[in-house]
Amino acid sequence: MTQDLRLAVAAEMERARARTALLTDAVDDPDLVQQHSPLMSPLVWDLAHVANQEELWLVRDVGGREPVRRDIDELYDAFKHPRGDRPALPLLGPAEARAYVGQVRDKALDVLDRVRLDERPLVADGFAFGMIIQHEQQHDETMLATHQLRAGAPVLDADPPPAARLGVSGEVLIPGGPFTMGTDTEAWALDNERPAHTVDVPAFLIDAAPVTNLRYAEFIADGGYDDPRWWSGPGWAHRQAAGLTAPMHWRRDGDGWAYTRFGRTERIVADEPVVHVCYFEAEAFAAWAGRRLPSEAEWEKAARFDPANGRSRRYPWGDDPPEPRHANLGQRHLSPAPVGAYPDGASPLGVHQLIGDVWEWTGSGFDGYPGFAVFPYAEYSQVFFGGDYKVLRGGSFGTDAAACRGTFRNWDHPVRRQIFSGFRCARDAGPGAC
Ligand SMILES: [Fe+2]
C-alpha cells in the first residue's frame with residue numbers, strides 16, 4: 001500500500017514535470033525571461049517558483065533537509081511580488097533555473113523514498129506531495145495562459161478535440177433538497193474543499209452544456225455590450241473603462257468572428273464553449289438570456305448529486321478518475337471541445353461537460369465552508385476569503401486531472417479573462433417544478 005502510494009506519487013510528480021518542461025522548453029531563452037503580459041509572470045519565474053515551493057514543503061518541511069537555495073525564497077514568494085513586478089527582480093536565468101529545478105527534484109524524490117507517509121497529518125496519504133503536484137499542475141495551466149498571451153509564431157501543438165457525438169441543448173431540472181457539498185474523504189483535497197456539509201438547494205434549471213460561441217455571438221449581435229440593462233453596476237463600469245466589446249482574443253472577421261489561439265487565427269467554432277470571458281460578461285449574457293449564473297452550490301449539486309441514492313459522486317460520471325473519454329482535461333487539446341463531445345462524462349441527470357473544457361464562473365463569492373480549518377497554511381485559501389473573488393468550477397482544457405474534481409474550487413477577480421473561463425446559465429425552477 002505505502003509502496004504503491006510512493007510509486008503513484010512519483011509518477012504524478014514526473015507527469016507534472018514533463019508538462020512544465022514542455023511549456024518552458026517550447027520557447028527560447030529570451031522568450032522565457034520576457035514578460036508577455038503584465039497579468040502574467042515571465043515563464044522563467046513560474047519555473048523556479050514551482051521548484052521553490054517543492055523545496056520549501058517537501059525538502060525542508062517534510063524531509064527536514066538543509067535548504068538548497070535559501071537566498072532565493074523571497075524572489076519566488078508570490079505574496080511579496082505581484083506579477084507585474086517580477087520581471088524586474090534578479091531572477092535565476094533559464095540555465096540556473098533549470099539546474100535548481102533538477103536539484104530540488106532529486107532531493108524531493110529522495111525524501112519520498114525515505115519518509116514515513118503516515119507520521120504527520122501533512123504527510124498522511126501523501127498530502128504534501130499531492131499539494132505540490134497540484135501546485136505545479138496549476139502553474140502549468142497558468143503558463144499555458146501565458147502562452148496564449150504571447151505574440152509570435154505558434155510553438156505549441158496538440159490534436160484537435162473530439163467532435164460532438166450527440167446534440168446537447170436546453171436545460172436540466174435539478175430537484176430540490178439537500179445534498180453533500182465538499183469532501184472529508186478526498187485525500188488530496190485542499191482545505192477550501194473541506195469539510196463535507198449538507199446544503200439544501202431548491203429546485204433549479206441549469207444549462208445542459210456551457211454557453212457556446214454561437215450563442216455568445218448572438219448576445220453581441222443583439223447589442224449586449226451596448227445595453228447597460230444587462231450589466232450590473234460594477235460590470236457596466238468595467239465594460240466602459242476596459243472598452244469590452246467581445247471575448248478576449250476575438251476580432252471581427254467579415255460578418256463573423258475570428259480568434260487567435262496560441263498564435264493561430266481561425267474562425268470561431270459555433271458549437272464550442274465560449275472562453276476568455278470575465279465574470280461581468282458572463283453575468284450580462286445571463287441577464288440578456290433571462291437567466292442568471294448558478295450559485296456554487298447549484299453547480300456542485302448539478303455535477304455530483306446522484307438522484308438514485310442521494311449521495312455525491314467524486315465526478316459527474318461517478319467515482320472513477322477522469323479518463324480521456326470523460327472530459328477535455330490535461331492540455332491534450334489546446335481548445336475546448338464542442339458541446340456533445342463527452343457523453344460519457346455527463347452527470348446522472350444529464351448535465352454535460354461540467355468537468356474540463358472551460359472553467360465556469362459561478363455567482364458565488366469565495367469563502368470557507370462551515371467548519372473550515374486552515375490546512376496547511378493560511379495563504380493557500382483563507383487570505384482570499386471575503387474579497388471580490390468569484391468562484392469558478394470544473395476545470396478547463398488546460399487543467400490537469402490532478403487539480404480537478406467535483407469539489408475543486410478556483411477563484412479569481414471578476415474582471416479576469418486571460419484564464420480559460422466560460423460559463424453556463426441557470427434559473428429558479430419555480431413552484432411545483434419538483
Ligand atoms: Fe504558486
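Trainee: By class, how many charged residues does the lining of the second largest pocket have?
Mentor: Keep in mind that this is a predicted model. The second largest pocket has a volume of about 700 Å³, and 30 residues line it. Sorted by class, its lining has 14 nonpolar and five polar residues, and the charged ones number 11.

Trainee: Which element gives the largest share of the lining of the second largest pocket?
Mentor: Nearest the centre of this pocket lie Glu12, Arg15, Asp400, Ala401 and Ala402. The elements that give two or more residues to the lining are helix H1 (2-25) and H5. The largest share is six residues, and the element behind it is H1.

Trainee: And the largest pocket: which elements give two or more residues to its lining?
Mentor: That pocket has a volume of about 1400 Å³. It's lined by 43 residues, and the closest to its centre are Ala78, Arg83, His139, Phe384 and Trp411. The elements that give two or more residues to the lining are H3, H5 and strand S10 (409-412).

Trainee: By class, how many nonpolar residues does the lining of the largest pocket have?
Mentor: Let's go through the classes in turn. The lining of the largest pocket has 10 charged residues and 12 polar ones, and the nonpolar count is 21.

Trainee: Is His49 buried or exposed?
Mentor: The cut-off for buried is under 20% relative accessible area. His139 comes out at 12%, so it counts as buried. His49 has a relative accessibility of 4%, so it too falls under that cut-off and is buried.

Trainee: By class, how many charged residues does the lining of the second largest cavity have?
Mentor: The second largest cavity has a volume of about 40 Å³. Among the residues that line it are His147, Arg150, Pro154 and Phe262. By class, there are five nonpolar and three polar residues in the lining, and the charged count is one.

Trainee: Where is Val101 placed?
Mentor: Val101 is buried, with a relative accessible area of 8%. Leaving out residues up to four places away in sequence, Val101 touches Arg17, Leu47 and Ala51. Val101 and Asn52 are 49 residues apart in sequence, yet 8.0 Å apart in space, C-alpha to C-alpha. As for its place, Val101 sits in helix H4 (residues 94-114).

Trainee: How many residues does the largest nonpolar core have?
Mentor: Tyr216 is one of the residues with the most contacts inside this core. Beyond four places away in sequence, Tyr216 touches residues including Trp250, Glu281, Phe285 and Phe423. A second, separate core has 27 residues, including Val201 and Leu329. The largest core has 98.

Trainee: Why is helix H8 largely enclosed by the rest of the structure?
Mentor: What covers the buried residues of H8 includes helix H6 (213-221), helix H7 (233-242), strand S8 (359-365) and strand S9 (390-393). Among those buried residues are Tyr279, Glu281, Phe285 and Trp288. H8 (residues 279-288) is largely enclosed because the buried part of its 10 residues amounts to eight.

Terms used: Residues are numbered from 1 along each chain as its sequence is written. This is a predicted model: local features need pLDDT of at least 70, side-chain atom pairs count only at pLDDT 80 or more; totals for chains, interfaces and linings use all residues. Side-chain values use heavy atoms; hydrogens and water are left out. Helices (H or I, at least four residues) and strands (E, at least two) are DSSP runs, numbered from the N terminus. Buried means under 20% relative accessible area, exposed over 50%, partly exposed in between (1.4 Å probe, protein chains only). Contact means heavy atoms within 4.5 Å. On a 1 Å grid over the protein atoms alone, a cavity is a set of points where a 1.4 Å probe fits but cannot get out, and a pocket is an open set with protein on both sides within 12 Å along at least five of seven lines; lining residues have an atom within 4 Å of a point. Grid points are joined across faces, edges and corners, and a volume is the space filled by probe spheres set on the points. Ala, Val, Leu, Ile, Met, Phe, Trp, Tyr, Cys and Pro count as nonpolar, Asp, Glu, Lys and Arg as charged, and the others, Gly among them, as polar. A nonpolar core is a set of buried Ala, Val, Leu, Ile, Met, Phe, Trp, Tyr and Cys residues joined through side-chain atoms within 4.5 Å.
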